[in-house]
Amino acid sequence: MENEVTAGAAASPAGPAAGLTGREDVCAAIRAALEHVHVSGSALLLRGDPGMGRSALLDRAEELAGRTGARVLRMTGVETEAELPYAALHQVLWPLAGHARGLPPRRWALLERALGIRSGPPPRPAAVSAALGTVLARVAAHRPLVLLLDDLHWADPASAAVFREARRWTATLPVVVIGTTRQESAGRWPGQVVELRPLDDDRAEHLLRTLRPDLADSVRRRVLRVAGGNPLALREIPAALQRAAPDQPGVLASLESTGPLGELPLGERIGRLYEHPIRALPEHARRTLLLAALAAPDGLGDSEPAAAVARDGALSWREVGDAVVRDGVLSWREVGDAVVRDGVLSWREVGEAVARDGALSWREVGEAVARSGLARVDPRTGRVVFRHPLVRAGLVHLASASERRAAHRLIADALPAGTRRTLHLAAATLGPDDELAALLDAEADRLTARADEAGAATVTARAAGLTQDGPARAARLARAAGLAARGGRLRFAERLLAEAEGAAGPAGPQPAALHALVAAYIRFHREGSPAPGVELLPRALELLTEPEGTGRYEVLREPVLFLLTVLGLYTGDERAWAGVGRHAGDPSAPVALCRRAWEAAPGDPDELPALIRAATGAPAPGPSTGPCGGGTSPDPGGEPGADPAVLRSLVLAAEAVDTVGEHDALWTRLAPRQPYGTRVLIDLARAHDGFLRGHWDDALALARRGARTAAAQGYVFNERMFLHHAAEILAGRGDRAGLRDLLAVLEPWAEDRDLRTVTAHLRGLKGLCALAHGAAGEAWQHLGTLTPAAAPPWDRRRTPWAHLTLLDAVQAASDSGHRDEAHAHLRAARAAGLARVAPHHAFLVAAAEALAATDDVADSRYEAAYAVPGAGQWVFELARLRLAHGAWLRRRSRRREAAERLRAAHAGFTRLGAGPWAAQAALELDAAGAGVPEHRPGGHPALTVQELRIAELAARGLTNKEIGAVLRLSPRTIGAHLYRIFPKLGVTTRAAVARALAGTGRPDEAGRRPGADGDSG
């Protein structure tokens, strides 16, 4: 009868069980087969390539069958037993031998011969099937039976013939048969056949992201391309890749860049998925397919047009044949009409030597490949199309090193001069070859110009391997280390740098400036340690200004200046800034602009942002779309910022004046084409800008994702900076527990490395979190020492982010009774000209002036702050300003105006997910008689909003005076509220208030008084 065939396509990304993502419909077919097992039978075959989940699905079937109460028997085909008659049947029948002994003697004797326990020739499969049917009927009369037949392609022919008679049993008995087999080995099956196809792109990516969310984008793309939707490969290849790193130069390079030098490690399990059909090929056919596998341009899909293939330097099937003919292995004969039209070489033309070698003809090679099902020839393009990407990868994996080198040599000989020929020659060459090394240097330069620094590192490292002279090899290794570090391959960079230091003479790797830059970069990003850079880079700049420092390595000057600037920003170390000042010379415009943004004396607040807009070609500022980017625009070609060095300077300059969000379109357009180091700089800047502009959910997701990826790749500094930006959002939301967990990691790390500006900002975040909970005294203890209130004007180089804590410090001082200190901070800000740096700085100063203003001028100061251009883009700080203004208006009985400000504040805080701040706004709205716009989760049913807030503060140990300072109420009023609160809660002491609130499930700091909460009294 005809097989009923359905395709096993996935229905949704999430799988029903671990390991079965994308196989929902197959699981449904299994459930349907088992659903009526108590009354009828069925037969189901799961057919697919290795790694498609056949055994995992059979495990699922076994689990489901067990739930039905049926008896389950399982057989697994074994390759070594494939020629033993009834070896597979033995696994099914032996557990039923007790039931078989009651058969008529003739049938029992027949089964004994099949089981090998009685001498005699093996019986015919038809007779065995009939006898087995009788046994199954006896068993199923007491309990339904499920037969699970795994790897039927390895079952011996006699057993397979018996299993194909399953329809006899399932038609009349409560017996379900579920088998699995390879794609090419199904044969005739008496029931439904479900094809296990590769996962589509979306489901494959979903599975890989679920299994390995830490993979870098470039690595994930490589794995997806090579795995080709094979679920097992999606699990195993990342593990193999991790085992291979950092010793495999091509592990993290892009396939498009490195080609023959960057084969992806598969691991033995995946590398041998197609071993059987590959090993079964005649030797010459296998070698020919190996040539096709290595000649194929990595990453180019089978559907790419022939023009793209030719442009990339791929070989057609005919060209592969030509190469083999030249090698004296095979003749060239027709493979289809298309090849005939191109002209062919006859067997005679190859010569007697090939005939004596016993080689296959070209037709025979094509026939052998076709029979194997591993590949086919596309008659339109002449290209070899592999059945699955893992076939190609498996051919390379199974070949010996000498076979691969020989194949690369043949391919190189067949290709014209160019990139791919050079890379194939590099893969084929053993021993020194300075001429080839020079060609690889040129290829690395081209890759670097395309921002593929990861690929350039692989090529440069190979060039070093071909270099005989020790100092020259050390220089190439050092350069490769720098490229690898900037390209996202830090562990590989460490190894290369160690090799460079070992290959150098007593003077160390030369040029010394290059070695200093690479060593400082690696140490800073690997450990977060700025010391090597602060110590080495000023001397490197001096070397670059000397006569012998000019030439090719003059290009190092701006990267050294940039890294030294970054070190100065994070440490405030005068040595770093002095080195930048002494050797800046006449830098390029972007570098000069970056330096000016961080160092220049303030002028017009719009001046620096306008200069940055002019440098990036950006329009006047508009609303930011958030840290995950805005729309796309046409390919920019040579637009400003396309060069990674230029783009890094522009990003850092925009961060100095808090205008990163104005350039979202540029970052979105350029970032995907940048090397890892530049992409990370952009992501860090966007995460921070997302905090400033109120895109908190997107910024937090970006920060967490960036931290995972950086940690997986060994970039500790990047990981901690992403966590730092996540901490900003947690502090703004008043998430004490989350912030405490991050600070436990960040604070000791930053302090140990003397990252002073980071340490200061973390302390400021603790103050901000305390303000969210109304703990002004605690906040002041964190913030009071951060801004130099009584010192000379701020040096923005030493305190680059101090403006971000000005509003917090002034609010904490004002609300905790330190008004003189609040005014001292404002005087220092004015003396430094902080309001003239950029619009955000101007808004922060204006907002702080309003919070600290005396009653006679407060209203006008608030209005002045609202009027600062662009004030609306600073969502969080604007909401805080409205909250403070609304509270001030409410205390002056201007309730309608107060309610307007407070509702806007409450809405802003709610959108940000800043619950404690929204609670403060709700409290003020309640006090103003306006009511809370929406219900506050976790409220107490017996208390008003204001009573609840007072009870929470009392539960934390604050005195009446301290609570009054927070809420701007008199201590007497607080006492009156508590007088009403105690009986509502059924308590008589403050300590009992904490327990009563805890009983409602509200998160509070019950019974714990923060030691930093202001004055007592």
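Residues are numbered from 1 along each chain as its sequence is written. In this predicted model, local features need pLDDT of at least 70, and side-chain atom pairs count only at pLDDT 80 or more, while totals for chains, interfaces and linings use all residues; side-chain values use heavy atoms, with hydrogens and water left out.

The protein has 53 helices and eight strands. These elements are DSSP runs, numbered from the N terminus: helices are H or I with at least four residues, and strands are E with at least two. Of the 1017 residues, 57% count as buried. Buried means under 20% relative accessible area, exposed means over 50%, and partly exposed lies in between, with a 1.4 Å probe and protein chains only. Contacts are counted where heavy atoms lie within 4.5 Å. Among contacts between residues at least 6 apart in sequence, 71% join residues at least 24 apart.

The pLDDT, the predictor's confidence in each residue from 0 to 100, averages 77 over the protein. A score of at least 70 is reached by 79% of the residues. Where pLDDT is low, the predicted coordinates should not be read in detail.

Several strands pair in the parallel sense. Two strands pair if DSSP finds at least two bridges between them. Strand E3 (residues 71-76) and E4 are parallel and share six bridges. Here Val-72 has Val-146 of E4 as its bridge partner. Strand E4 (residues 145-150) also runs parallel to E5, with five bridges. In that pairing Leu-149 stands opposite Gly-179. Strand E2 (residues 42-48) joins E5 through six bridges, again parallel. Arg-47 is partnered with Thr-181 of E5.

Strands E4 and E5 are covered on both sides. In E4, six of six residues are buried. Leu-145, Leu-147 and Leu-149 lie on one side of E4, with Val-146, Leu-148 and Asp-150 on the other. In E5 (residues 175-181), seven of seven residues are buried. Val-175, Val-177, Gly-179 and Thr-181 point one way from E5, and Val-176, Ile-178 and Thr-180 point the other way.

Helix H6 (residues 125-140) holds Leu-136. This leucine, Leu-136, has a relative accessible area of 0% and is therefore buried. Beyond four places in sequence, Leu-136 contacts Leu-96, Leu-145, Leu-147, Trp-169 and Leu-173. Leu-145 and Leu-147 belong to one side of E4. Trp-169 is 33 residues from Leu-136 in sequence, with 7.7 Å between their C-alpha atoms.

Leu-569 lies in helix H31. Its relative accessibility is 1%, so Leu-569 counts as buried. Beyond four places in sequence, Leu-569 touches Trp-577, Trp-598, Leu-652, Thr-757, Pro-800 and Trp-801. Arg-798 is 229 residues away along the chain, yet the C-alpha atoms of Leu-569 and Arg-798 are separated by 6.8 Å.

A search of the whole structure finds 10 cavities of 30 Å³ or more. On a 1 Å grid over the protein atoms alone, a cavity is a set of points where a 1.4 Å probe fits but cannot get out, and lining residues have an atom within 4 Å of a point. Grid points are joined across faces, edges and corners, and a volume is the space filled by probe spheres set on the points.

The largest cavity has a volume of about 590 Å³. It is lined by 39 residues, with His-525, Phe-562, Val-566, Gly-677 and Leu-681 nearest its centre. Elements that give two or more residues to this lining include H31 (557-571), H37 (676-693) and H39 (716-732).

The second largest cavity holds about 240 Å³ of space. Its lining has 19 residues, and Gln-811, Asp-815, Gln-920, Val-966 and Arg-968 are the closest to its centre. Helices H43 (803-815), H47 (875-891), H49 (915-927) and H51 (960-967) each give two or more residues to the lining of the second largest cavity.

How values were computed:
1 Å grid on protein atoms, 1.4 Å probe; cavity = no way out; pocket = protein on both sides within 12 Å on 5 of 7 lines; lining within 4 Å.
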